[in-house]
Amino acid sequence: MKINPLIFTLILFVASCSQGHHEKAELAEDTASFEELKSMDEVASEDYVSSSAAVETKRNDSRKFIRTAELRFKSKNAIKATYAIEEIVVNNNGFVENSTLNSHVDRIETVDISRDSSLVSTYYVVSSNLVLRVPNMLLDTVIKQIASQIDFLNYRSIKANDVSLEILSNALTQQRSAKNEKRLKPELSLQAQEQADQSRINNLYLTDQINFSTINLSIYQNETIKREVIARMKDIESYKPSFDTRFVDALDTGGKLFVDFLVILTNIWPVFVIIILVLIIILYYRKVRNNKV
């Protein structure tokens, strides 16, 4: 059976168009995936830095939450990020409870570049630790603003701890102490009052933690190199005196030793006299013995 050349050409054209369309679709899909990854990489975004646990809702009016957040991330510049975050907190009616900057030196390398100069390279990592307090209603807002300083997120943890029952328990303790204070003995009444005071202080602390959420941040950056040229530390050999000076000093030292030796000999001259007398006596007896023989 023969195939019409026109029909065969049409079939090949349709197949080619279909394959080209399929390849374009795959290319478009790959491009979209790349753009998505690029977008996720460029924006350390609010979408995954924040959490519903950081949001105050009307449905939670009957509950009292202590909200805390903890983040560790890399920033392009830890010092600039620290100041920017502190400004974010202040602008949102919060305050900085603690701010610590630290430079950890990994190693120091020194290379001599001339007879009198050396190049010192210091490899170090700058890190920062912050404890922030922000209004409970603005915790989510502050976290999203902090996200602009994130280059790489190591982890983030956001918690909402319900302390409603703890507050109720403290309030009931205060009420019981007030009712029983008059009926108890003085020493027991004092103890009950102390428990009531402690419950009141605990509730004040919980209220403060509820009203102002705590954010703990740990920030670091890539290793940094600082280079500086300093005066070269000369080798100890360079500080030795010249040969002439050392030769004169040697003569002087040798002369002193010789004088000291003579002084020692002078101090023990009786010993030499005794040795000489002993030798004379020995030689005399040897001579007398030889004459008899």
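Reader: Ground rules before we start?
Author: The model is predicted, so local features need pLDDT of at least 70, side-chain atom pairs count only at pLDDT 80 or more, and totals for chains, interfaces and linings use all residues. Residues are numbered from 1 along each chain as its sequence is written, and side-chain values use heavy atoms, with hydrogens and water left out.

Reader: OK, T214: buried or exposed?
Author: T214 is buried at 12% relative accessible area (buried is under 20%, exposed over 50%, partly exposed in between, with a 1.4 Å probe and protein chains only).

Reader: And what does T214 touch?
Author: Leaving out residues up to four places away in sequence, its contacts (heavy atoms within 4.5 Å) include V131, L132 and R133.

Reader: Switching topic, how many salt bridges are there?
Author: The structure has 11, each being a side-chain nitrogen of Lys or Arg within 4 Å of a carboxyl oxygen of Asp or Glu. One of them joins D162 and R63 at 2.5 Å, N to O.

Reader: Where do D162 and R63 sit?
Author: D162 is in strand 4 (residues 152-162) and R63 is in the loop between helix 2 (46-49) and strand 1 (65-74), so the pair, 99 residues apart, links distant parts of the chain. Helices (H or I, at least four residues) and strands (E, at least two) are DSSP runs, numbered from the N terminus.

Reader: How exposed is R63?
Author: R63 is partly exposed, at 46% relative accessibility.

Reader: Which residues form a salt-bridge network?
Author: D106, R107, E109 and E223 do. Within it, the E109 and R107 side chains meet at 3.3 Å, N to O.
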